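Please find below a short briefing on one model, arranged by topic.

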Amino acid sequence: IRGLQETALGFKTLDALQSLARAARDNRYTRPSINLEGRLEIVEGRHPVVEQALPEGSFVPNNTRMNPQERVLIVTGPNMAGKSTYMRQTALITLMAQIGSFVPADSARIGVVDRIFTRLGASDEIHRGQSTFMVEMVETANILHHATRRSLLILDEVGRGTSTYDGVSIAWAVVEYVHNHPRLRARTLFATHYHELIRLAELLPGVRNYNVAVSEEGGQVVFLHRIAPGGADRSYGIHVAELAGLPRPVIHRAQEILAQLEADAGQVRSERA
């Protein structure tokens, strides 16, 4: 029996290695270099799953560069522009490199991580009496309690499940804690719609701002899916709502309300029936 188990283990290992090798050959993966320096440098990285669902050559690759001096990246930009895909591909490339796989990138230098922590998506756990926001906070708390300097943190829209002021305050405090706490100071990708957070790059030396590039021509907005230095100053939420098919009267009214908010610092006049 033991001999059969060892033979089966050998075949399973060989099958896994052959699968990784075939994926690397068929999808133009490259051999990463592994280091212990706390650096993460990915050149023209791609999401290994998303690129397979798109027409060949249409996936837009992006670079990721993190080190002890540039360890917290605040990523801003509209929904549908590619923030989550960018963060997920960074985590997947890191994981693939550490299991011995080639990776979907032109080149990659991967600093070894002890764990990859993620806070992504929105969900509730009704059976446990927990709201979406409570689940978000429990997951964030787990990350802050257990991450180390060698961890990779992927945090998407922390604080969005509550009021704007509460959300901004929590998100701001989380970034400060990750950046400053002696046990942490982990490499972190932090996506947010709270544009107030881009000020942290002026206050904390290890924080950098990046945004998903957008092109505006003739009133039309085109998402370029390219990660560029600097913070975004608009969310383009109404444009995304229009793409989703909301009725045109709703879109027009939303634009009017947005203009009122921007002009009157939050004083919105209700439309009479």
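The lining of the largest pocket draws at least two residues from each of β10, α7 and α8, where helices (H or I, at least four residues) and strands (E, at least two) are DSSP runs numbered from the N terminus. The model is predicted, so local features need pLDDT of at least 70 and side-chain atom pairs count only at pLDDT 80 or more, while totals for chains, interfaces and linings use all residues. Residues are numbered from 1 along each chain as its sequence is written, and side-chain values use heavy atoms, with hydrogens and water left out.

**Pockets**

- A pocket is an open set of points on a 1 Å grid over the protein atoms alone, where a 1.4 Å probe fits, with protein on both sides within 12 Å along at least five of seven lines; lining residues have an atom within 4 Å of a point.
- The largest pocket holds about 670 Å³ of space, a volume being the space filled by probe spheres set on the points.
- Its lining has 17 residues, and R234, Y236, G237, I238 and L258 lie nearest the centre.
- Helix α7 gives the largest share of that lining, five residues.
- By class, the lining of the largest pocket has five nonpolar, seven polar and five charged residues (Ala, Val, Leu, Ile, Met, Phe, Trp, Tyr, Cys and Pro count as nonpolar, Asp, Glu, Lys and Arg as charged, and the others, Gly among them, as polar).
- The second largest pocket holds about 280 Å³, and of its 15 lining residues R28, R46, E51, E56 and G57 lie nearest its centre.
- Seven charged, four polar and four nonpolar residues make up the lining of the second largest pocket.

**Helices α7 and α8**

- The axes of α7 (residues 237–244) and α8 (residues 248–264) come within 10 Å and cross at roughly 175°; axes are lines fitted to C-alpha atoms, for helices over the stretch in contact, and angles run from 0 to 180 degrees between N-to-C directions.
- The two helices are therefore roughly antiparallel to each other (angles over 145 degrees).
- I238, A241 and E242 in α7 meet R248, I251, A254, Q255 and L258 in α8, contact meaning heavy atoms within 4.5 Å.
- Five nonpolar, one polar and two charged residues form this contact.

**Sheet**

- Six strands form an open sheet in the order β6-β7-β8-β4-β9-β10, with mixed pairing; two strands pair if DSSP finds at least two bridges between them.
- β6 (116–119) and β10 (220–229) are at the edges with a single partner strand each, so one side of each has no neighbour in the sheet.
- β9 (residues 207–217) and β10 run antiparallel and are joined by seven bridges, and N211 has A228 in β10 as its bridge partner.

Technical notes: Parallel < 35°, antiparallel > 145°, perpendicular 65-115°, else oblique.
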